[in-house]
Amino acid sequence: MTDAIDFDRYDRIRPIRWTGDSLELLDQRKLPFVVEYVRCDDSDAVAAAIHALTVRGAPAIGIAAAWGVVLAARTVDAADGAQAVALLEPAMQRLNAARPTAVNLAWALARMRRVLAAAGSDWRAVLEREAQAIAEEDLAANRRMGALGAALITPGSGVLTHCNTGSLATAGFGTALGVIRAGVAEGRIDKVYAGETRPWLQGARLTVWELQQDGIVPTLIADSAASHLMKTGEVQWVVVGADRICANGDTANKIGTYQLAIAARHHGLKFMVVAPSSTVDMDTPSGDAIHIEERDPGELFGVGGVRTAAQDVGAWNPVFDVTPHELIDAIVTERGVIERPDAAAMKAAFGD
Ligand code: MRU
């Protein structure tokens, strides 16, 4: 059982640290070669860090934004929360604009706004408690999803994951990587394959490093090797995270996820999406309505600062894609497992 997991062994990395007067972010641009926290003293520094991917991963950017509001609160004078809401709105808008696809960012800011509006003269303390609660609830959700997701996996299985969905992308333990941690600890997962995740290399740089901290030995593959891997029979599940899950179960995640889902279905593999309920957006009816972030085409021109593309080429760099719900076998949230998700199943689980 996952309850038996030694969390100290399997859950040591913390990408976001609140010191009491500033926010420290583990700089994910530099991992795995440099392990260094950067300090943010104001909300615009947090917004810039989210935009630059210093902190990344859907739940983590929501948590960082919540602390960004706490920092912004130091710059305004207000008698109560209702007054503070209006004064803090510009800073919250800038935090919200830092990245468009992961709904956790808007979700966390809406939650901060809600408690603030109802707060009295102690509104600063209320904000700080809420940011702390958002982080703690995320960690608890991840541990719960680890147990629920791992239980779906037959002992002796191999899994393929994409991007980084671990402690680095959350308050700790991770979503899809939490399921993998739990599955390895329970002896259900024998082999873990991680796709490189071009162009930013979240898989090669972050997931591999993170699993190594736990003593889990992943096998790295080129993204383009995924279908071939599936054909060998070495993997039974593809396990990924999500940036936004729509009302019909369509799911946005890191670019390349969609093609993994298509290939998994072709080869008879199961496809699992693991995300906290803060990633569910019942106001977005389907994947067609999701704003897909496009980043600097320059990310495609080289690796580690060394140019690999021929000169004078244009590039298109969408960094997320949408997996249609028909290709998903299970969505795992802390509230439970939704098998073969569709609009009716999502409404039953999240229609409240
Ligand atoms: O661009 P990124 O690195 O923020 O993208 C992250 C992903 O796509 C993750 O799979 C997703 O946010 C889930 S993280 C638990």
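This is a predicted model: local features need pLDDT of at least 70, side-chain atom pairs count only at pLDDT 80 or more; totals for chains, interfaces and linings use all residues.
## Around D243

D243 itself sits in the loop that links β7 (237-240) to β8 (244-246). It counts as buried because 30 other C-beta atoms lie within 10 Å, and the cut-off for that label is 20 or more. As for annotation, an unreviewed UniProt entry puts the feature "active site" at D243.

## The annotated binding positions

UniProt, again in an unreviewed entry, gives the feature "binding site" to R56, G57, A58, R99, Q202, N253 and K254.

## G57

Look for G57 in the loop between α2 (43-52) and α3 (58-73). G57 is buried too, since it has 30 C-beta neighbours inside 10 Å. Skipping residues up to four places away in sequence, G57 touches N164, T165, L168, A169 and T170.

## Q202

Q202 belongs to helix α8, which covers residues 202-213. With 27 C-beta neighbours inside 10 Å, Q202 lands in the buried class as well.

Its contacts, setting aside neighbours within four places in sequence, are C163, N164, T197, T207 and K254. So what ties Q202 to the rest of the picture? K254, one of those contacts, also carries the "binding site" feature in the UniProt record. N164 is a contact of Q202 and is touched by G57 as well.

Notes: Residues are numbered from 1 along each chain as its sequence is written. UniProt positions are given in the numbering used here, feature names are shortened, and annotations may be inferred rather than shown by experiment. Helices (H or I, at least four residues) and strands (E, at least two) are DSSP runs, numbered from the N terminus. A residue is buried if 20 or more other C-beta atoms lie within 10 Å of its own, exposed if 12 or fewer, and partly exposed in between; C-beta atoms are placed from the backbone. Two residues are in contact if their C-beta atoms, placed from the backbone, lie within 7 Å.
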